[in-house]
Amino acid sequence: MPMQPDQQPIYFDNNATTRVAPGVLEAMLPFLREQWGNPSSIYGFGRQLTKPLELAREKVAALINAEPREIIFTSGGTESINSALQSALQTRPQKTHLIATAVEHSATIKFCAHLKTVGLDVTLLPVDAEGGLDLRLLERSIRPETAMVSAMLANNETGVLFPIEEIAAICRNKNVLFHTDAVQAPGKLQIDVRESGVDFLSLSAHKLYGPKGIGALYVKRGVKYHPYIIGGGQEQGRRGGTENVAGIVGFGRAAELAMAHLGEADTRIRALRDKLETVILSSVPGVTRNGSKEARLPNTSNLSFEGIEAEGILLLLDEQGICASSGSACTSGSLDPSHVLLAMGCDVSRARASIRFSLGSYNTEHEVDFVLKQLPSIIEKLRSRSH
Ligand code: PLP
């Protein structure tokens, strides 16, 4: 039966986006209803908004142990990532080479492909079958003309984590800038830019119960930055465009809540994810996990169901009101096999047979049990059809 518009789905796609937390919405509403001015105005009605903006900057900075002035608000993860890569090339004009990993989000991979079309050189590092990086290969791939290495903190499709501190140390030794796409990490893992030693770090509010269309780029103090979006002098000349005040305030509140609830991801959500994964692996034949079991986010499970296409599973889950994904949101809906799973050495049929369940704060054990009840018969039905 199709879902009614007012019905809430059973939502297991929290790596794609998250529900806006009620406390976040509440914090935003005054800046849409009453305080809707432009912070750059000369008069008080606009100028008064600089205070809530700076307060939100402090909260986002605290989420990653940065200083407020190291935070630039952007329109989201994609803009932050594009800006970091672009800045490295602009501030080091004699350098013509970038390194990224083959499993980065399309915001990195496709931007790198674009850079290649304008004559720059890009190395995409391979990963092993578990999704891990060979750090010696990374080190050997750095050349005198390398401007930046970009490697994600946590993979959006498999949840696999990269050792950011070690990569940062290699880059520091080689005098190369290091950017990490940390979009999937806040609220699930503790992030500390001081300890990890990264130069740039990208964030997005809609992955941590904040609104869409707002993100941040951390730029370490002392590291040169060249703006990507050029216009007004907002963000101290580092990002043009009238500030998305309500979005920024919402992001600040979401950051605050993410810090307060950090323990939950590691306990309750991890336990739900583990139950879901363990029971599927033991009760449905022909299922394999994609990516490392240990070094991954506590909320993500990526599984391949031998002999069937993910699309069929997703449609039948959808009929039961269950949302899951076949990979990143940008590729779901198309039949392209995931570039992440292909890079891990999966063959095309295993890549096409993969489903990502990504859990979040609003999931309950009852919902996990419901999925566990529905899934075996869905798989059986699809397999008997394909025979
Ligand atoms: N990086 C990762 C790892 C992501 O999962 C996403 C979103 O799917 C992005 C970047 C892009 O973020 P945004 O949707 O805010 O542009």
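1. In this predicted model, the ligand is surrounded by 13 residues, and the closest of these are Gly-77, Thr-78, Asp-181, Ser-204 and Lys-207. By residue class, the shell around the ligand divides into eight polar, three nonpolar and two charged residues.

2. A polar backbone atom of Gly-77 lies 2.8 Å from an oxygen atom of the ligand, while an N or O atom in the side chain of His-105 lies 3.3 Å from an oxygen atom of the ligand. On the nitrogen side, a nitrogen atom of the ligand is 2.7 Å from an N or O atom in the side chain of Asp-181. The ligand, which taken alone exposes 390 Å², has 88% of that area buried by the protein.

3. How do α5 and helix α6 pack, and at what angle? The two helices, of which α6 covers residues 106–117, pack at an angle of about 40°, and their axes are 9 Å apart. Because the angle is about 40°, and angles under 35 degrees count as roughly parallel while 65 to 115 count as roughly perpendicular, α5 is described as oblique to α6. The crossing in which α5 passes α6 is right-handed.

4. A second pair consists of helix α13 (residues 310–319) and helix α16 (residues 365–386), whose axes are 10 Å apart and which pack at an angle of about 135°. This angle makes α13 oblique to α16, given that an angle has to be over 145 degrees to count as roughly antiparallel. As for handedness, α13 and α16 form a right-handed crossing.

5. Helix α16 also packs with helix α12 (residues 262–283), here at an angle of about 15° and with the axes 10 Å apart. Is the arrangement of α12 and α16 roughly parallel or oblique? With an angle of about 15°, α12 and α16 are therefore roughly parallel to each other. The crossing that α12 makes with α16 is right-handed.

Key. Residues are numbered from 1 along each chain as its sequence is written. This is a predicted model: local features need pLDDT of at least 70, side-chain atom pairs count only at pLDDT 80 or more; totals for chains, interfaces and linings use all residues. Side-chain values use heavy atoms; hydrogens and water are left out. A residue is near a molecule or strand if one of its heavy atoms lies within 4 Å of it. A polar contact is a pair of N or O atoms within 3.5 Å; within protein, one must be able to donate a hydrogen and the other to accept it, and residues adjacent in sequence count only if both atoms are side-chain atoms. Accessible areas come from the Shrake-Rupley method with a 1.4 Å probe; for residues, only the protein chains shown count as cover. Ala, Val, Leu, Ile, Met, Phe, Trp, Tyr, Cys and Pro count as nonpolar, Asp, Glu, Lys and Arg as charged, and the others, Gly among them, as polar. Axes are lines fitted to C-alpha atoms, for helices over the stretch in contact, and angles run from 0 to 180 degrees between N-to-C directions. Helices (H or I, at least four residues) and strands (E, at least two) are DSSP runs, numbered from the N terminus. A crossing is left-handed if the near helix is turned anticlockwise from the far one by less than a right angle, and right-handed if clockwise.
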